[in-house]
Structure formats: structure tokens, C-alpha cells
Amino acid sequence: MRNAYIDFSKMDSSILALVSDVIVDGKPLVGYGFNSNGRYNASHIIEDRLLPRLFAAAPAELHNDSGEFSPSLAWDVMMRNEKPGGHGERSVAVGVVDMALHDLVTKAAGVPLYRWISDHYGDGHPDDSVFVYAAGGYYAPGKTLTDLQDEMRRFLDSGYNVVKMKIGGTDLTEDLKRIDAVIEVLDGDGSRLAVDVNGKFDLSTALEYAQAIEPYHLFWYEEVGDPLDYSLNATLAEHYPHPIATGENLFSVQDARNLLRYGGMRPDRDYIQVDPALSYGLVEYLRVQEALKQHGWSSKRCIPHGGHQFSLHIAAALHLGGNESYPGEFQPTGGFTDDAVIRDSHVSPGELPGIGLEGKAEFYRHLHALHE
């Protein structure tokens with residue numbers, strides 16, 4: 001399958017198991033991490049730079065004044081002797097380890113991640129459920145309009161009200177046919193459909209599509225140009241009145257702040273999609289949230305990319321506007337626990353300790369094999 005920019009035939013991922021010396025029921029606690037879909041594995045950075053720094057650190061460097069192991073202090077240790085900027089795959093590597101550390105710490109506390117985050121960094125009152133939309137609609141050889149409609153019907157039958165599809169991988173005429181076909185399944189309601197360009201368009205194409213899709217009143221028009229082309233995004237926002245979404249390929253608080261300053265994003269309607277798993281983990285994502293607040297943005301305008309359990313917990317804890325979901329693709333890492341139930345496009349993060357990846361049987365089989 002492919003989007004407008006890449007195919008996924010060679011895409012891989014890093015998965016990590018951090019085995020601790022904390023023993024519960026006769027077994028050591030283990031923290032699990034992985035990188036979100038859409039980026040290649042960053043295992044060499046993890047193995048060659050990040051983990052050796054953690055293993056060499058003195059206990060006092062990793063524990064706070066209360067004697068608790070601190071993922072934030074561990075983050076500082078991992079980033080020692082790293083130059084600023086040029087984030088690339090380094091942010092992915094740190095995100096993998098950050099996820100595993102937070103999984104481990106919250107398992108040691110015996111609570112699900114979203115409650116721990118809310119107690120430590122939020123208001124202590126996390127959301128019980130999170131808005132989710134179903135992402136799909138990829139291009140694939142031989143995929144017909146009927147196939148696309150059937151895919152979207154499966155999403156609706158699974159409990160989703162809002163769906164997302166790819167555009168930009170063919171010409172405008174064909175994409176409009178695809179959009180019309182999906183909106184037909186949505187009972188003619190374009191506001192339940194988001195479209196994603198994956199950064200493919202130049203400015204003229206972005207504006208051409210914007211003019212064509214404006215009458216649909218879509219849920220959003222996503223990552224229309226290169227993620228670092230803030231000028232393109234700002235010009236688009238001047239011409240397109242409906243919501244724009246971007247940020248999944250911005251990997252630091254500095255990048256997010258530049259988007260807010262120069263990208264023309266409108267806090268009353270647009271969405272920020274920074275993915276914690278790809279952007280240095282929860283520690284950095286908290287800095288992103290602080291930058292958004294300083295620029296007058298509500299956390300409700302954040303719907304992270306990735307469609308996985310880690311960002312689902314973060315969304316519930318920090319009162320984000322929602323979380324992506326991939327009911328069909330990017331298995332076994334993507335998606336939520338096997339017993340998760342989608343009702344009216346909302347889902348609960350669950351009550352398993354930590355991230356709850358043990359509740360994804362097929363993924364847990366791979367994770368468990370790393371250390372058993």
C-alpha cells in the first residue's frame with residue numbers, strides 16, 4: 001500500500017524491552033517501547049548511544065529527590081553530548097526508550113499510564129474515553145472505489161463516526177471521485193471525512209485541491225505540503241477556510257513552536273498532530289504542550305498521529321482532542337488492546353498497568369520474545 005509520497009513495502013520498526021530488577025509475582029517488571037508507523041527503525045542509535053548512556057549513569061542521576069526513578073532525568077542522560085537541531089531519526093530513537101521507561105515506571109506504580117501522567121503532569125482528572133477516528137483509504141494495486149467504500153463501511157460498523165483517507169497519489173479528478181465515493185458512505189456528510197496528502201503538494205497544487213474540496217466542509221485537510229514549509233501552510237490557511245491539520249513530521253518543541261509562529265495555523269479550527277512516539281517521547285511532548293499553551297492554543301486542538309496505545313494514554317491524561325486509530329493497517333504495533341470497544345468514535349485507554357501492550361496478544365508475542 002502507499003500514500004501520496006511513499007509506499008510501505010520496506011518499512012520496519014524498532015521494538016524494545018527494558019528488563020528491570022523490580023520483581024513482581026516472581027518475575028521482573030519489563031517496560032516496552034516501539035516507534036510509531038511512518039518512520040524506519042532507529043535501533044542503531046538506541047544501541048550505540050542511548051542505552052549505553054543510561055547503563056553508565058549513576059543511580060543519583062536517574063532518581064529524583066524523592067528517590068523515584070525519573071524518566072525525565074533519564075531523558076537528560078540519553079541526550080548528553082547530542083547537538084541541538086537536526087532531529088532526524090534521533091527523535092524516534094529517544095521516543096522508543098522514553099516509551100519503554102514510562103511503561104516500566106507506571107507498571108512499578110501499579111497504575112495505567114494515563115492516570116500516572118494525569119497525577120504527575122495533569123490535573124489529576126483524566127478523561128475516561130478519547131475521541132478516535134479511523135485512518136485508512138490508502139492506494140493499493142487494483143483497489144476500486146467499491147473496495148474503498150467497503151473499507152470505510154467496516155470502520156463505521158466498528159464504531160467510528162469519522163474516517164480518514166489518502167489523497168494526492170493520483171490526479172485531482174480521480175481523487176474527487178474517491179472523495180465522493182467515501183462521502184456517499186457517510187450519508188453525504190463531508191464533515192466526517194478527513195483527507196491526508198502526506199506532504200506531497202507544492203503551493204499551486206495545494207491551492208487547486210483546496211478550491212476543489214472547499215464545498216465538502218471536510219473534517220480536515222492534512223499535511224498538504226512539506227512539513228517544514230511553513231510559508232506554504234500559511235498561504236494555504238489564508239485561502240482555505242476549513243480546518244487544516246499537520247505536525248506528525250515535526251519532532252521537537254522548537255519545530256512545533258515554529259509551526260505556530262510561521263505556519264499560519266489558526267487555534268480556533270486547526271489541529272496539531274505531533275506524535276509523542278516519534279518526537280522524543282512524552283518528556284518532549286509535555287514541552288510541546290507548554291509551547292501551545294503559551295501561544296494561546298487549547299490541548300483540545302491536538303490529535304496525535306500514530307494510532308497507538310501510547311498516545312491514547314497521553315490524550316486521556318492531558319485532555320487532548322483525540323487520537324488517530326488504524327483499525328486495519330500497521331499491525332501488530334498499531335491499534336489498541338484486543339478488548340477495546342469503539343463506541344461513537346470514542347475508546348477507553350483501559351486499566352492495565354503501564355501502556356497495556358500486554359493486552360495486544362499478537363504484539364505481546366513479539367515483545368515477550370525479546371527477553372524470554
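What you have here is a predicted model, so local features need pLDDT of at least 70 and side-chain atom pairs count only at pLDDT 80 or more, while totals for chains, interfaces and linings use all residues. Numbering runs from 1 along each chain as its sequence is written, and side-chain values use heavy atoms, with hydrogens and water left out.

**The whole chain**

Let's start with the big picture. The chain has 13 helices and 10 strands; these are DSSP runs numbered from the N terminus, with helices (H or I) needing at least four residues and strands (E) at least two. With 372 residues, a compact globule would have a radius of gyration near 21 Å, and the chain agrees with that at 20 Å. That radius is taken over C-alpha atoms, and the globule rule is 2.2 Å times the number of residues to the power 0.38. The C-alpha trace spans about 60 × 40 × 40 Å along its principal axes.

How much of the chain is buried? The share is 56% of the 372 residues, where buried means under 20% relative accessible area, exposed means over 50%, and partly exposed is in between (1.4 Å probe, protein chains only).

Helix H4 covers residues 90-109, and its 20 residues reach 29 Å from first C-alpha to last, close to the 28 Å expected at 1.5 Å a residue. That expected span is 1.5 Å times one less than the number of residues. H4 is mostly covered, with 18 of its 20 residues buried. Just after H4 comes Gly110, with a positive phi of about 75°.

Helix H9 (residues 230-239) also has buried residues, among them Tyr230, Leu232 and Leu236. What covers the buried residues of H9 includes helices H8 (203-213) and H10 (253-262), plus strands E6 (220-222) and E7 (244-246).

Glu151 sits in helix H6 (residues 145-157). Is Glu151 buried or exposed? Glu151 is buried, because its relative accessible area is 6%. Leaving out residues up to four places away in sequence, Glu151 touches Gly136, Gly137, Lys143 and Glu329.

Tyr133 belongs to strand E3 (residues 130-135) and is buried too, with a relative accessible area of 1%. Setting aside neighbours within four places in sequence, the contacts of Tyr133 include Tyr160, Trp220, Ile303 and Asn323. The C-alpha atoms of Tyr133 and Ile342 are 9.8 Å apart, although 209 residues separate the two along the chain.

Most residues other than glycine have a negative phi, and most peptide bonds are trans. Here are two residues that go the other way on phi:

| Residue | Phi | Relative accessible area |
|---|---|---|
| Asp25 | near 55° | 77% |
| Ser345 | about 60° | 2% |

Asp25 is in the loop between strand E1 (15-24) and strand E2 (27-34), and Asp25 is exposed. Ser345 lies in the loop between E9 and E10, and Ser345 counts as buried.

Which peptide bond is cis? The bond from Gln331 to Pro332 is, with omega near 10°. Pro332 is in the loop between strand E9 (323-325) and strand E10 (346-347).

Conventions: Contact means heavy atoms within 4.5 Å.
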